[in-house]
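Let's take a friendly walk through a protein chain together. Keep the sequence and the 3D view open as you read.

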Amino acid sequence: MDWNKYREDFLIKAKNQKKDKKYCDKWLSYAYNLYEQELPIIYNQEHFCKLVGYMPEYVYAASNSADYFYRTFFIPKKSGGLRKICEPLPNLKEIQKWILETILSKMQVSVYAKAYIKGKNVKENARFHRAQKKVLSLDIQDFFSKISPFLVYETFINVGYNKDVSMMITMLCCKEGGLPQGAPTSALLSNIIMKNFDNVIGDYIIKNKIRYTRYADDMTFSGEFDELEIIRLVRHELKKYGFCLNGKKTRLRQEGQRQEVTGIIVNKKLQISKDQRKKIRQEIYFIKKYGLQSHLTYTNEQRKGYIEHLFGKISYALYINPKDEELKEYREFLLQYKSNSEISLN
C-alpha cells in the first residue's frame, strides 16, 4: 500500500463527510502507526467485519458466545491423561486464519522461542543443548488455558489498535478465559505474549553464559549454573503473567545422566530414548517371527493403522538421528508391506 495515496484518499472522504482537521489528524496518526508495522488498518469493529468478509451479526456472535462456535474433543497426552482440544467451526477458523496471517505473523517473537515458528523445530531446540554439563527442564502449568484474555488484549493495544478493535479480536481468539488449543491463532499468540518474559530470562542467561530456549510451555537451560537461582527467577517472572511452574515436570540432569530435551536425548548425539528404541526393536522382532496378524492378536492391539503408526515412530527417530542403521533396516522392512498389502507408507 502506498501511504501517500492512502492519505490522499482518506482526506478526500473526510472532506466529503465534513470532518475537521482534528479528526483527520487523529485517525491518520492512528493509521500511520499500523502502516509502519505493516499491520492492517482497522478503525472499528464494523470495519474489521468488512475486512474479514463476514456479516457483523456473525462476528459479534462468535466473539460474544465463543462456546457455540467450537467442537471439543480429547486426545491422549504422552505423559498420560487427556488433552482438551477446542477446534473452531469453519467460519470462525477462517476469521482466525485472517488474524494469524495478516496481524500476528507481522509481530515479533523472541529468539529463544523455538515452537510454532517457520524454520525452527523440536530437533533444533534439542541440538542447542547437546553435550552440556547440566540440563534443567521447567514446565509452565496449564500454559494455554492460563493465557488470559487481558494478556491477549494488551498484545493488540500495544501495537496500536484501539480498544474496540482490540477487544473484538481478543474475544475471537479466546475461549473459557484462555487460548483454546485447536485454534490457529493460539500458538503464535503464546509466543508473542511470552516475548518480554523470554527477553528478561535472556538478559540473565547472557550475563551468566547459560543456554536457554522455550518450546511452548517447556523451558530448557543448559551449561553450568545455579539451578535454584534460575528456578527462583523463572517463578518470579511467570507470576507477572499469572503462570506457575509444574513441579512434577521440573528435571535436572547432570553430565553422565540421561539428559533429555523435549523428548530427545542430548548427551552426545541426538537420539530418541533407549526405552523407545527398545519398544520399536521388540515390535519389529515379533512381527518378523510370528507375522503381523499373530503379533496384533497376541498383544491385543486395537489401534487402526498399526503399521502406519509404527512406521511413523521409526521415521521420527530417523529424523532425529538419520545415521541410525538399525532403524533404517526397520524402515525398509516395513516398506515391504507396500507391495504386499493395501497399506500406504509415504
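## The chain as a whole

Among the contacts in the chain with a separation of 6 or more, 68% are between residues 24 or more positions apart. Keep in mind that this is a predicted model.

The chain has 15 helices and 8 strands. Of its 346 residues, 43% are buried. Taken along the principal axes, the C-alpha atoms fill a box of roughly 85 × 55 × 35 Å.

## Helix 7 and its cover

Begin with helix 7, which covers residues 149–159. Which of its residues are buried? They are Leu151, Val152, Tyr153, Thr155, Phe156 and Val159. The cover over these buried residues includes helix 2 (21–36), helix 8 (163–173) and helix 9 (186–193).

Look next at what follows helix 7 in the chain: there you will find Gly160, with a positive phi near 120°.

## Helix 10 against helix 11

Now find helix 10 (residues 195–208) and helix 11 (residues 227–239), which pack with their axes 10 Å apart and at an angle of about 155°. Why is helix 10 called roughly antiparallel to helix 11? Angles over 145 degrees count as roughly antiparallel, so the angle of about 155° puts helix 10 in that class relative to helix 11. The crossing of these two helices is right-handed.

On the helix 10 side, the contact is made by Phe197, Val200, Ile201 and Tyr204, which meet Glu229, Ile230, Leu233, Val234, Glu237 and Leu238 in helix 11. Sorted by class, the residues of this contact are 8 nonpolar, no polar and 2 charged.

## A closer look at Glu237

Glu237 sits in helix 11. Is Glu237 buried or exposed? Its relative accessibility is 7%, and buried means under 20%, so Glu237 counts as buried.

What does Glu237 touch, leaving out residues up to four places away in sequence? Its partners are Phe197, Val200 and Ile201, and each of these belongs to the helix 10 side of the contact.

## Helix 12 against helix 14

Another pair to find is helix 12 (residues 274–290) and helix 14 (residues 306–320), packed at an angle of about 140° with their axes 11 Å apart. That angle makes helix 12 oblique to helix 14. Their crossing is left-handed.

From helix 12, the residues Lys279, Ile280, Glu283, Ile284 and Ile287 take part, meeting Tyr306, Ile307, Leu310, Lys313 and Ile314 of helix 14. This contact has 7 nonpolar, no polar and 3 charged residues.

## The two sides of helix 13

Finish with helix 13, residues 292–299, where Leu292, His295 and Leu296 are buried. Seen down the helix axis, these buried residues fall within an arc of 95°, so they line one face of helix 13.

After helix 13 comes Asn300, whose phi is positive, near 55°.

Terms used: Residues are numbered from 1 along each chain as its sequence is written. This is a predicted model: local features need pLDDT of at least 70, side-chain atom pairs count only at pLDDT 80 or more; totals for chains, interfaces and linings use all residues. Side-chain values use heavy atoms; hydrogens and water are left out. Buried means under 20% relative accessible area, exposed over 50%, partly exposed in between (1.4 Å probe, protein chains only). Helices (H or I, at least four residues) and strands (E, at least two) are DSSP runs, numbered from the N terminus. The arc is that of the directions from the helix axis to the C-beta atoms. Axes are lines fitted to C-alpha atoms, for helices over the stretch in contact, and angles run from 0 to 180 degrees between N-to-C directions. Angles under 35 degrees count as roughly parallel, over 145 as roughly antiparallel, 65 to 115 as roughly perpendicular and the rest as oblique. A crossing is left-handed if the near helix is turned anticlockwise from the far one by less than a right angle, and right-handed if clockwise. Contact means heavy atoms within 4.5 Å. Ala, Val, Leu, Ile, Met, Phe, Trp, Tyr, Cys and Pro count as nonpolar, Asp, Glu, Lys and Arg as charged, and the others, Gly among them, as polar.
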